[in-house]
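Me: I'm new to this one. Can you walk me through it, a bit at a time?

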Amino acid sequence: MKKPKDTSSDKLTAFQDSTEITDAKDTAAQSDFLTQTDTDISMIEETEDDDLDETVEDTACAQPPEAKVKIESLAPDVVVASLETSEPEEDSVENESQAHSEEVSKQEDIKLETPPDVDLPEQESDELTTYQSSTESDDTQDEVNKEEDREEEVKEKKEAKLESYKQFVAEQFSNQKVDYPEVRVTIEANALPSKMYFIMNILSAIIASYGLVTNSAAVVIGAMLVAMMLGPITGVALAIIDHRMPLLRKSILTVLSGVTLVVLVGFIVGWLHKDQSLTAEILSRTQPTSMDLMIALAGGTAGAYAMVSPHLSVAVVGVAVATALVPPLAASGILFAHGEPQLGLGALLLAATNIIAIQFTNALVLWVLGFRRLVDDDYQSNTYLTFLQRNAVTLLLLGGLGTYLTINLQTNAKQQAFENNVKETITAYFTDKGNVLTNTQFDVTDERQVVRAIIRGETTPSAYDVRQIETTITQDMTKNFPNYLPIKLQLRYLPVQVIESDPLIQDKLDETDAAILTN
C-alpha cells in the first residue's frame with residue numbers, strides 16, 4: 001500500500017519562503033497574496049482530511065500522525081503558518097490498543113479452531129472421553145508390555161550365563177586328569193591285609209554261602225556288595241607293571257589269605273547244613289567255561305578303570321568283580337563239606353580263572369594309562385614288549401585256562417544237547433499214555449550213563465516201556481553221540497488218581513492234562 005505524499009508541508013514551505021521575500025513596498029500585492037493563500041490553505045486542509053481518512057481505512061497497523069495547520073499574525077504585514085501533530089503519548093496508546101485488539105482477535109480465532117473448547121453434544125463428548133481413556137490405557141499397556149519384555153530379556157540373559165557356567169564346570173570336571181600319586185597310594189593301601197579286609201570278606205562269604213544253600217540269587221547279589229577282593233588283585237597288577245617285588249609278595253599274600261578265608265567259611269556253612277541238597281546255584285558254578293572267563297575279563301577291566309578314573313566309584317564296579325570271585329569260592333567250600341571234591345575243584349578252578357583274568361586286565365589298563373616304572377633293561381625295548389615280558393606268567397596261565405575252558409564249554413554244550421534229546425524221547429513216549437516227565441538226573445559211571453526219570457500219571461510204566469525208550473535213545477546216540485557211554489534208564493513212577501463227586505465216573509488224563517501236570 002502506497003504512502004500518501006505530504007503535499008501540505010511542501011506548499012507551506014513554499015508559502016513561507018514567498019512571505020519572507022515579499023517587498024514591503026507592494027502592499028496591494030501582499031493583500032492579494034494573502035487572500036489567495038487563505039484559499040489554498042483551506043483546500044490543503046480539505047485534501048489532507050480526505051487523504052487521512054483513506055489512510056486510516058487502508059492501514060490498520062501503521063497510521064501516520066494527524067497534522068493541523070496553525071496560522072499566527074505576528075505583525076500587520078507578517079503572518080506565520082505552522083503544522084501541528086498529535087501528541088506521541090496518544091499515538092502509543094492507540095497503537096497499544098490496536099495491538100491488544102489484534103491479539104484478542106487471534107486468540108478468538110485459535111479458540112474457534114480448538115475442538116475441545118467448542119460446546120459439543122453430550123453423546124459426542126462421551127465418545128471423545130472414551131477415546132481419550134482408551135488411548136491412555138493403550139499407552140499404559142504398551143509401557144507394561146515393554147517393561148515385561150525388558151524383564152524377560154534380563155531373565156534370559158541370566159539363565160544363559162548360568163547355563164554357560166554349568167557347562168564350564170561340567171567340562172572342568174570331565175577333563176580331570178588322573179592323579180597318579182593318589183591312585184598309587186590307594187591301590188597299595190587296599191592291597192594290605194587289614195582288619196577291615198578280613199571282616200568284610202568273612203561277612204560276604206557268610207551271605208554268599210547261605211544264598212547258595214537256599215538257592216536264592218537275591219542273597220548272592222547281596223554278598224557282592226560286601227566283598228573286598230578287588231583291592232589286593234589290583235595291587236598284584238600294579239606290582240607287576242612297576243616291577244616291585246615287595247609289593248607283589250604282599251599283594252599275593254593278601255589275595256591267598258582272602259581266598260582261604262572265604263573257602264573256609266563256605267566249608268563251615270556247608271558242614272552245618274549237610275542235610276540240604278545241592279542247589280542249582282551251587283552246581284552252576286562247578287563247570288567253568290570260556291564264558292565265565294570273558295565275564296571275568298570284562299569285570300576286571302571295569303574295576304581297574306574305576307580304580308583310576310575320578311568319575312567312577314570302585315564300590316559299584318566291585319559288584320561285578322564279586323560276582324566272579326566270592327560265590328564260586330563259597331560254593332567250593334560247600335561242595336568239599338558235602339563230600340564232592342571233584343565238583344569243589346571245578347568251583348575252585350572257576351575262582352582261580354577269574355582272579356587271573358582280573359589281574360591281567362587290571363595290569364593292562366594301568367599300563368595303558370601310564371602307570372609304569374622302567375628299569376635299565378626296559379629302555380632297550382619298546383613298551384609293548386616290556387609289558388608282555390612282565391606279564392608272561394599271567395599270559396601263559398590265561399592261555400592254558402582259556403584252552404581248557406573252551407573245550408569244557410564244547411563238552412558241556414554237547415552234553416546239554418544229549419540230555420535234551422533224552423528228555424524229549426521220554427516225554428514223547430508217555431504223552432499218549434497220560435503220563436508226564438517231571439524231572440531227570442544224569443549220572444556217569446565207569447561203564448555207562450544212568451538216567452533217572454520221574455514219571456507222574458495214571459498209567460503204570462512197565463519193563464517193556466523202559467526197553468522201548470532205551471532202544472530209541474541208543475539209536476539216537478549211535479547217530480549223534482557215537483563216543484558216549486551206553487545208557488541205563490531208571491523210571492520212578494508217581495501215580496495220579498482222578499477223584500470226582502460221582503464215584504461211578506472214571507476219567508482219564510489227556511494231552512492237555514499232561515501238559516498242566518508238567519508245569
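Me: Where is Asp149 found?
Reply: Asp149 sits in helix α4, which covers residues 122-174. Keep in mind that this is a predicted model.

Me: Is Asp149 buried or exposed?
Reply: Asp149 is exposed. Its relative accessible area is 53%, and the cut-off for exposed is over 50%.

Me: Which residues form the negative surface patch?
Reply: Six names here: Glu148, Asp149, Glu151, Glu152, Glu156 and Glu159. So Asp149, exposed at 53%, belongs to that patch.

Me: Now salt bridges. How many does the structure hold?
Reply: Six salt bridges. One of them joins the side chains of Glu153 and Lys157, at 3.7 Å from N to O.

Me: How far apart are Glu153 and Lys157 in helix α4?
Reply: Glu153 and Lys157 are four residues apart, so about one helical turn separates them. Glu153 is partly exposed, with a relative accessible area of 43%.

Me: Why would such side chains pair at all?
Reply: Opposite charges can pair when the charged atoms come close.

Me: What does Asp242 form a salt bridge with?
Reply: With Arg184. The closest N and O atoms of that pair are 2.3 Å apart. Asp242 is in helix α8 and Arg184 is in helix α5 (residues 180-190), so the pair ties together parts 58 residues apart in sequence.

Me: And is Asp242 buried or exposed?
Reply: Asp242 is buried. Its relative accessible area is 0%.

Me: Which residue does Arg244 meet in a salt bridge?
Reply: Glu188. The N to O distance between the side chains of Arg244 and Glu188 is 2.6 Å. Arg244 lies in the loop between α8 and α9, while Glu188 lies in helix α5, so this pair links parts 56 residues apart in sequence.

Me: What are the relative accessible areas there?
Reply: Arg244 is partly exposed at 25%. Glu188 is partly exposed, with a relative accessible area of 25%.

Me: Switching to that loop between α8 and α9. What about the phi of His243?
Reply: His243 has a positive phi of about 60°, although it is not a glycine. His243 is placed in the loop between α8 (230-242) and α9 (245-272). Most residues other than glycine have a negative phi.

Me: How accessible is His243?
Reply: His243 counts as partly exposed, at 42% relative accessibility.

Me: What about Asn215, where is its place?
Reply: Asn215 is in the loop between α6 (195-213) and α7 (217-224). Asn215 is not a glycine, yet it has a positive phi of about 60°. Asn215 is partly exposed, with a relative accessible area of 39%.

Me: On to the strands. How many bridges join β3 to β4?
Reply: Nine bridges. Strand β3 spans residues 435-444 and strand β4 spans residues 449-457, and they run antiparallel. The two form a hairpin, with four residues between them.

Me: Which residue in β4 is the bridge partner of Asn439?
Reply: Ile454.

Me: Do β4 and β5 run parallel or antiparallel?
Reply: Parallel. Strand β5 covers residues 487-495, and nine bridges join it to β4.

Me: Which residue in β5 stands opposite Gln449?
Reply: Ile487 stands opposite Gln449.

Me: And what do side chains do along a regular strand?
Reply: Side chains alternate between the two faces of the sheet.

Methods
Residues are numbered from 1 along each chain as its sequence is written. This is a predicted model: local features need pLDDT of at least 70, side-chain atom pairs count only at pLDDT 80 or more; totals for chains, interfaces and linings use all residues. Side-chain values use heavy atoms; hydrogens and water are left out. Patches are made of residues with over 30% relative accessible area and no salt bridge: like charges are joined within 9 Å, nonpolar side chains (Val, Leu, Ile, Met, Phe, Trp, Tyr) within 5 Å. Accessible areas come from the Shrake-Rupley method with a 1.4 Å probe; for residues, only the protein chains shown count as cover. A salt bridge is a side-chain nitrogen of Lys or Arg within 4 Å of a carboxyl oxygen of Asp or Glu. Lys and Arg count as positive and Asp and Glu as negative; His and the chain ends are not counted. The place of a charge is taken as NZ of Lys, CZ of Arg, CG of Asp or CD of Glu. Buried means under 20% relative accessible area, exposed over 50%, partly exposed in between (1.4 Å probe, protein chains only). Two strands pair if DSSP finds at least two bridges between them.
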